[in-house]
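Please examine the structure shown below.

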Amino acid sequence: MDPDSVKSTLQNLAFGNVMAAAARNYQKELLANEKAPATSSVNQEVDLDELMDDPELEKLHADRIAALKKEAEKREALKRKGHGEYREITEGDFLGEVTGTEKAICHFYHQEFYRCKIMDKHLKTLASKHVDTKFIKLDAENAPFFVTKLGVKTLPCVIIFRKGVAVDRLVGFQDMGGKDDFSTRALEVVLIKKGIISEKKDEDDEDDGYHEGSRRTVRSSVNLDDSDSD
């Protein structure tokens, strides 16, 4: 047999095999593409139908609604006890206010002390945000019994109560760096660390410091006998 003829025949066979293999691969790819959308669509329909009728999903939804309702009822009950606002009380009201709730913050203040006004501003902001805790203030001059009983010697003095028991306190601005221009957030962080309020998920950490303090010079702490009026 002619060698050239044999070589030509082998080349033709090899080319034919390659083309046949390519044709088979192309056909498989077409079939795969045709099946993929249909399979995806079927799976999607089945999954959605199952989710719509899934008793576990319905239970999760019902539990979430119940939890939200319970939280709303709790907040309303706390507001009826004076939570959610920063209120002034009298010495006669004091015991009932601090013993009638789980957590309370009482600011002993003096009307003429500049730093007490700064503390007022920040506590008023936090009171509406942290409804779980009661925020109140008491004029130290009009509450001599509890000033003596609680050992209040420096103003402003913020005393933290749990179930009517004084567990901690902030004296002057020591916990906020001893400066007048601390932010509400700085005070909030201190109270969170002391465990009397909780961190909020929708936290707004903008610095809302009280900058008027930069125009004045006051002492880092004020004794009850001092006069720190403006």
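This is a predicted model: local features need pLDDT of at least 70, side-chain atom pairs count only at pLDDT 80 or more; totals for chains, interfaces and linings use all residues.

Leaving aside residues up to four places away in sequence, Lys 137 is in contact with Tyr 86, Arg 87, Glu 88, Ile 89, Cys 106, His 107, Tyr 109 and Asp 120.

**Contact of helices H4 and H6**

Helix H4 (residues 114-129) and helix H6 (residues 184-193) have axes that come within 10 Å and cross at roughly 65°. H4 is therefore roughly perpendicular to H6. The crossing of H4 past H6 is right-handed.

On the H4 side, the contact is formed by Met 119, Lys 121, His 122, Leu 123, Thr 125, Leu 126 and Lys 129, and on the H6 side by Thr 184, Leu 187, Glu 188 and Leu 191. By class, the residues of this contact of H4 with H6 comprise 5 nonpolar, 3 polar and 3 charged.

**Aromatic rings**

There are 5 aromatic pairs in the structure. One of them joins Phe 94 and Phe 146 in a tilted arrangement, with 4.5 Å centre to centre and 45° between the planes. Phe 94 belongs to helix H3 (residues 91-99) and Phe 146 to helix H5 (residues 144-149); the pair thus links distant parts of the chain, 52 residues apart.

Phe 94 is buried, at a relative accessible area of 2%, and Phe 146 also counts as buried, at 10% relative accessibility. One aromatic cluster is formed by Phe 94, Phe 108, Phe 145, Phe 146 and Phe 161.

Methods. Residues are numbered from 1 along each chain as its sequence is written. Side-chain values use heavy atoms; hydrogens and water are left out. Contact means heavy atoms within 4.5 Å. Axes are lines fitted to C-alpha atoms, for helices over the stretch in contact, and angles run from 0 to 180 degrees between N-to-C directions. Helices (H or I, at least four residues) and strands (E, at least two) are DSSP runs, numbered from the N terminus. Angles under 35 degrees count as roughly parallel, over 145 as roughly antiparallel, 65 to 115 as roughly perpendicular and the rest as oblique. A crossing is left-handed if the near helix is turned anticlockwise from the far one by less than a right angle, and right-handed if clockwise. Ala, Val, Leu, Ile, Met, Phe, Trp, Tyr, Cys and Pro count as nonpolar, Asp, Glu, Lys and Arg as charged, and the others, Gly among them, as polar. Rings of Phe, Tyr and Trp (its six-membered ring) pair if their centres lie within 6.5 Å; planes under 30 degrees apart count as stacked, over 60 as edge-to-face and the rest as tilted. Buried means under 20% relative accessible area, exposed over 50%, partly exposed in between (1.4 Å probe, protein chains only).
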